[in-house]
Amino acid sequence: MSSKIVIIRHGITEGNKNKWFYGGLDLPLLTEGKEELLRQKSEGFYPEVPEHVQYFTTGMVRTEETLEVLFGEHPHRAITDLQEMSFGEYEARTFEELKDDLAFQSWTHDETGEIAFPGGETRNGFAKRVIRGTEELLNRHRLKELEVRHSGADVMSIIVCHGGVICAMMQHLFPNDKSDMWEWMMEPGSGYIVEMERTNTGSTPKSHVQIGKTMVYY
């Protein structure tokens, strides 16, 4: 019997294509984003789904659409704490547009994690929120394990979320595997399969494998 959590970044949006800072902006997938997801699915990027599976999104359109494209229409729960960082007034702006802005420069050089874009989130606030959402996901996965504990069946939880969120999640789950959180960044439609180790007190993350391609972030 196996226990796995599958973490997938949503498909390509206008924000990804234009290299915007965006998180709170509720963008849909582009047609090419849906086509790329279907291509990856046809090439076997994604794992086989067992009988005992549960689905999650963040409630944002791009995660809802990605889930439907890859797995069809299924009842699912939204974990809103796993939504992308909000950039406030700087949503839908590029680095080139912002690089000379003094508030942006303060944010990029901030080592405290306490500086936010106007109307946006701090890095520390974002990290705490994502950890809270990750723990909710883990707890819901463990409840699914308990439901089938006598059958020995395989269990899987699938979450479609966001690039920065995946980086923060994986850094929380595997803090010693990467020297920098952003090294976990994956291309749209890619992600990780986290193998869980079942114990009498509840499963814990054991190992991980990539789905798709790592993104060169810098």
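Visitor: Which residues does Glu121 touch, not counting residues up to four places away in sequence?
Guide: In this predicted model, Glu121 touches Glu84, Met85, Ser86, Ile115, Ala116, Phe126 and Arg129, and each of these counts as a contact because heavy atoms lie within 4.5 Å.

Visitor: Where is the place of Glu121?
Guide: Glu121 belongs to the loop between helix H5 (102-108) and helix H6 (123-147).

Visitor: Why is the pairing of the side chains of Glu121 and Arg129 called a polar contact?
Guide: The cut-off for a pair of N or O atoms is 3.5 Å, and the side chains of Glu121 and Arg129 are joined at 2.7 Å, so the value falls within that limit.

Visitor: What lies 3.0 Å from a polar atom of the side chain of Glu121?
Guide: That is the backbone nitrogen of Ser86, and because the cut-off is 3.5 Å, the distance of 3.0 Å is within it.

Visitor: What makes strand S3 (76-78) and strand S6 (204-211) the edge strands?
Guide: The open sheet has 6 strands in the order S3-S2-S4-S1-S5-S6, with mixed pairing, and strand S3 and strand S6 each pair on one side only. From one strand to the next, the twist averages 20°.

Definitions and conventions. Residues numbered from 1 in each chain as written. Predicted model: local features only at pLDDT ≥ 70, side-chain atom pairs only at ≥ 80, totals over all residues. Heavy atoms only, no water. Helix = DSSP H or I, 4+ residues; strand = E, 2+ residues; numbered from the N terminus. Polar contact = N/O pair within 3.5 Å; in protein donor to acceptor, adjacent residues only side chain to side chain. Pairing = 2+ DSSP bridges. Axes fitted to C-alpha atoms, helices over the stretch in contact; angles between N-to-C directions.
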